[in-house]
Amino acid sequence: MNLQMRITFDEKDYTYIVLTKGITRETNTIRINLKDIEYQLVCNSKGDWDAVDATINDHPELLKAIGRNIKLRYRL
């Protein structure tokens with residue numbers, strides 16, 4: 001079962017699904033599904049999670065906020 005999560009960004013509610021199972025501090029990539037599009041988030045050298053191959057149309061700020069949300073949820 002995939003974990004469905006919610007986030008409010010720019011006064012809009014979004015629902016996304018965390019596809020990666022067993023997330024720990026050693027996890028370096030996380031797959032998510034947002035609006036039926038799959039994204040891969042990777043941890044950069046600063047400890048922030050960024051989307052791989054995200055374009056301007058993919059709302060990179062929203063994906064960065066989702067990365068922060070996952071980081072807080074799993075205490076990464």
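**A friendly note on this model**

1. Keep in mind as you look around that the model is predicted. The side chain of Glu38 meets that of Arg31 in a salt bridge, at 2.8 Å from N to O. Arg31 is partly exposed too, with a relative accessible area of 37%.

2. Now stay with Arg31 and look at its backbone. Its nitrogen lies 2.7 Å from a polar atom of the Thr20 side chain. Thr20 itself is in the loop between β2 and β3 (29–34). Leaving aside residues up to four places away in sequence, Thr20 touches Thr29, Ile30 and Arg31.

3. Next, the hairpin. Strands β1 (residues 3–9) and β2 (residues 12–18) run antiparallel and are joined by 7 bridges. One of the pairings is Met5 with Tyr16 in β2. There are 2 residues between the strands, and Asp10 in the turn has a positive phi of about 50 degrees.

4. How many salt bridges are there? The count comes to 3. Besides the Arg31 and Glu38 pair, Asp13 and Arg6 meet at 3.5 Å, N to O. Asp13 is exposed at 51%, and Arg6 is exposed at 58%.

5. Asp50 also forms a salt bridge, with Lys64, and their closest N and O atoms are 2.4 Å apart. This pair links distant parts of the chain, 14 residues apart: Asp50 is in strand β5 (residues 49–51) and Lys64 in helix α1 (residues 60–74).

6. Finally, the rings. A search of the whole structure finds 0 aromatic pairs. Still, the charged end of Arg73 sits over the ring of Tyr74, 5.3 Å from its centre.

Conventions:
Residues numbered from 1 in each chain as written. Predicted model: local features only at pLDDT ≥ 70, side-chain atom pairs only at ≥ 80, totals over all residues. Heavy atoms only, no water. Phe/Tyr/Trp six-rings, centres within 6.5 Å; stacked < 30°, edge-to-face > 60°. Lys NZ or Arg CZ within 6 Å of the ring centre and 35° of its normal. Pairing = 2+ DSSP bridges. Helix = DSSP H or I, 4+ residues; strand = E, 2+ residues; numbered from the N terminus. Polar contact = N/O pair within 3.5 Å; in protein donor to acceptor, adjacent residues only side chain to side chain. Contact = heavy atoms within 4.5 Å. Salt bridge = Lys/Arg side-chain N within 4 Å of Asp/Glu carboxyl O. Buried < 20%, exposed > 50% of the residue type's maximum accessible area, 1.4 Å probe, protein only.
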